[in-house]
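Q: I would like to learn how to read a structural model feature by feature, starting from the general idea and then turning to the case at hand. Could you take me through this one?

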Amino acid sequence: MRTSHPHRVRRRSLGVAAAAAGLLTTLLAAGPAAATPDPGDLQIAPSARSATGLPGQDQIVHSPNVTHLTTVPSPDPGRINTDLAFQGRYAYAGNYNGFTIYDIADPKAPKTVTTVLCPGGQNDISVSGDLLFLSTDSSRSDDSCNSVSQPATEKSSWEGIKIFDIKDKKNPKYIKSVETACGSHTHTLVPGGRDIYLYVSSYSPNVAYPDCQPPHDGISVVKVPRKAPEQAAVVGFPVLFPDGGNPGAPTNPGVSKTTGCHDITVLPSKNLAAGACMGDGILFDISRPEQPRVIDRVQDNVNFSFWHSATFNERADKVVFTDELGGGGGATCNEATGPHRGADGIYEIQGRGDQRKLVFRSYYKIPRHQADTENCVAHNGSLVPVGGGRDIMVQAWYQGGVSVWDFTDSARPKEIAYFERGPLTTDALSLGGSWSAYYYNGHIYSNDIVKGLDVLRLDDWRTEPARWVWLDRLNVQSQPEYH
């Protein structure tokens with residue numbers, strides 16, 4: 001049985017749904033809700049911790065409601081694994097050397113279908129039909145997959161979007177590139193009818209860079225005809241910050257100057273988008289995709305250093321923004337940094353139409369301190385589609401691992417599950433951990449920078465309804481309407 005969004009979400013059969021309802025009834029009948037550990041009450045067994053109170057080097061620990069099903073080892077631990085996208089039985093995992101396609105039909109035993117070599121950090125990834133899109137935000141000698149690094153000061157250097165045909169999963173074909181100003185750190189797929197739009201986020205212009213000149217106060221919009229992707233081209237550069245955005249330091253010490261956006265999440269069903277733009281968070285209207293229009297804008301010059309990403313809740317009346325304090329390479333999940341920096345900021349959307357406002361409610365940060373050798377900060381996550389007015393998401397925290405947390409009460413968010421490894425090293429700060437952690441068709445998939453693809457199962461009465469929501473695709477920054 002399908003919902004009214006056949007290309008987005010489908011429910012499992014009535015028989016399976018009935019079984020789910022029976023299981024939920026059994027869980028509830030087993031005792032009152034208070035009998036199930038509340039968020040924040042979950043603790044790992046003392047034996048899982050070292051004498052320092054932290055997990056041992058590379059030691060896996062997790063809450064009782066999480067099962068680690070498997071890890072598909074990274075074929076090249078020296079590369080950096082990045083973002084994930086999903087389509088049917090396949091997961092697409094970006095890395096700084098290209099991307100890998102996994103067959104996840106059996107989540108307990110994913111199979112590597114193919115690995116494509118196409119260097120160019122950070123290879124942020126999305127898929128639509130037979131098309132796959134990669135972001136290149138590193139200066140390359142040309143737009144080919146044989147390119148080498150080249151200074152951004154050279155006019156011949158290239159950065160932007162690469163487009164692949166993935167009809168044959170074992171043999172993807174590179175078909176087109178689109179150069180964009182300041183490259184493409186991330187991109188967001190905006191689905192349409194005959195055309196796909198990509199909102200390209202990039203930043204940090206420099207007068208010495210011929211293809212990345214200041215001011216850079218907006219985003220590139222790339223239009224991709226579905227039936228003729230080879231005709232993809234930039235069709236606009238809407239300015240989102242006509243006043244230049246947050247000036248950053250020294251006006252606002254410790255805050256990044258806004259020179260573009262880092263990441264954008266769209267909610268096509270509501271014609272809304274939320275942008276995490278270095279020193280600013282914005283809410284904007286995308287009813288005219290080539291001409292997005294800012295509705296509201298907020299700053300946090302006390303606790304936010306770098307607005308990194310955004311996630312809407314299912315009712316589209318909240319946005320979770322993340323702060324990537326330290327750029328992802330710092331050890332910021334410690335007592336010295338505190339609970340309000342390098343964290344999530346929860347904002348409610350209040351009002352209607354053009355009068356909508358982003359109103360701050362609280363911060364969320366994982367409640368477990370990490371070692372000073374572990375890079376840890378809020379990073380990429382997605383909703384767990386539980387419906388019923390409850391807001392739960394899963395999120396990557398680099399070496400802080402994977403956290404599942406409930407923000408139904410905007411002012412009192414609480415963790416309900418977690419998974420993590422002990423530090424990669426104990427004598428020096430190193431880069432590793434979960435880059436992206438997303439919920440897809442009953443499981444959590446985490447792309448670990450060094451270790452590879454982790455698959456987790458979550459067994460909790462609060463997230464049980466999500467098991468019966470089945471998607472035929474998921475690009476997390478293009479949020480579906482789940483229910």
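A: Let us begin with burial, where a residue counts as buried when its relative accessible area is under 20%, as exposed when that area is over 50%, and as partly exposed in between. Please keep in mind throughout that this is a predicted model. R421, at 13% relative accessibility, therefore counts as buried, because its value falls under the 20% cut-off.

Q: What is the salt-bridge partner of R421?
A: The general idea is that side chains of opposite charge can pair when their charged atoms come close. Here R421 forms a salt bridge with D454, and the closest N and O atoms are 2.8 Å apart. Because R421 lies in strand β27 (residues 414-421) and D454 in strand β30 (residues 452-458), the pair ties together parts that are 33 residues apart in sequence. D454 counts as buried as well, because its relative accessibility is 1%.

Q: How many salt bridges does the structure hold?
A: The structure holds 22 salt bridges. One of them joins the side chains of K318 and D391, at 2.7 Å from N to O. This pair links distant parts of the chain, since K318 belongs to strand β21 (residues 318-323), while D391 sits in the loop between β24 (381-383) and β25 (392-396), 73 residues apart. Both K318 and D391 are buried. There is also a network of salt bridges, in which R457, D459, E464 and R467 are linked.

Q: Are the residues R412 and D409 buried, partly exposed or exposed?
A: R412 has a relative accessible area of 57% and is therefore exposed, whereas D409, at 37% relative accessibility, counts as partly exposed. The side chains of R412 and D409 meet in a salt bridge of 3.5 Å, N to O.

Q: Where does K155 lie, and which residues does K155 touch beyond those up to four places away in sequence?
A: K155 lies in the loop between β9 (131-140) and β10 (158-165), and at 56% relative accessibility K155 counts as exposed. Not counting residues up to four places away in sequence, K155 touches P210 and D211. With D211 there is a polar contact of 2.7 Å between the side chains. To compare sequence with space, take K155 and Y209, which are 54 residues apart in sequence, yet their C-alpha atoms are 7.7 Å apart.

Q: Which side chains make polar contacts with the side chain of S436?
A: S436 is found in strand β28 (residues 434-440), and with a relative accessible area of 0% S436 is buried. Its side chain makes a polar contact of 2.8 Å with that of D83, and another polar contact, of 3.3 Å, joins the side chains of S436 and N380. Leaving aside neighbours within four places in sequence, the residues in contact with S436 also include T82, L84, A396 and Y445.

Q: Which residues touch the most other members of the largest nonpolar core?
A: Of the 29 residues in the largest nonpolar core, these are F86 and Y445. The elements β4 (81-87), β5 (90-95), β28, β30 and β31 (469-471) each supply at least two residues of this core. Apart from this core lies another, of 18 residues, among them L272, V319, L358 and Y363. Returning to Y445, the residues in contact with it, leaving aside neighbours within four places in sequence, include F86, I104, S436, L453 and D454.

Q: In what order do the strands of the open sheet of four run?
A: As a general idea, strands of a sheet pair through backbone hydrogen bonds, either parallel or antiparallel. In this open sheet the order is β20-β21-β22-β23, with antiparallel pairing. The edge strands, each pairing on one side only, are β20 (307-312) and β23 (357-364), and the twist averages 25° from one strand to the next. Within the sheet, β21 and strand β22 (residues 344-350) pair over five bridges in the antiparallel sense, and the bridge partner of T322 in β22 is D344.

Q: What is the secondary structure of the whole protein chain?
A: The secondary structure comes to one helix and 32 strands. Of the 483 residues of the protein chain, 59% count as buried. Among contacts between residues at least 6 apart in sequence, 59% join residues at least 24 apart.

Conventions. Residues are numbered from 1 along each chain as its sequence is written. This is a predicted model: local features need pLDDT of at least 70, side-chain atom pairs count only at pLDDT 80 or more; totals for chains, interfaces and linings use all residues. Side-chain values use heavy atoms; hydrogens and water are left out. Buried means under 20% relative accessible area, exposed over 50%, partly exposed in between (1.4 Å probe, protein chains only). A polar contact is a pair of N or O atoms within 3.5 Å; within protein, one must be able to donate a hydrogen and the other to accept it, and residues adjacent in sequence count only if both atoms are side-chain atoms. Contact means heavy atoms within 4.5 Å. A salt bridge is a side-chain nitrogen of Lys or Arg within 4 Å of a carboxyl oxygen of Asp or Glu. Two strands pair if DSSP finds at least two bridges between them. Axes are lines fitted to C-alpha atoms, for helices over the stretch in contact, and angles run from 0 to 180 degrees between N-to-C directions. A nonpolar core is a set of buried Ala, Val, Leu, Ile, Met, Phe, Trp, Tyr and Cys residues joined through side-chain atoms within 4.5 Å.
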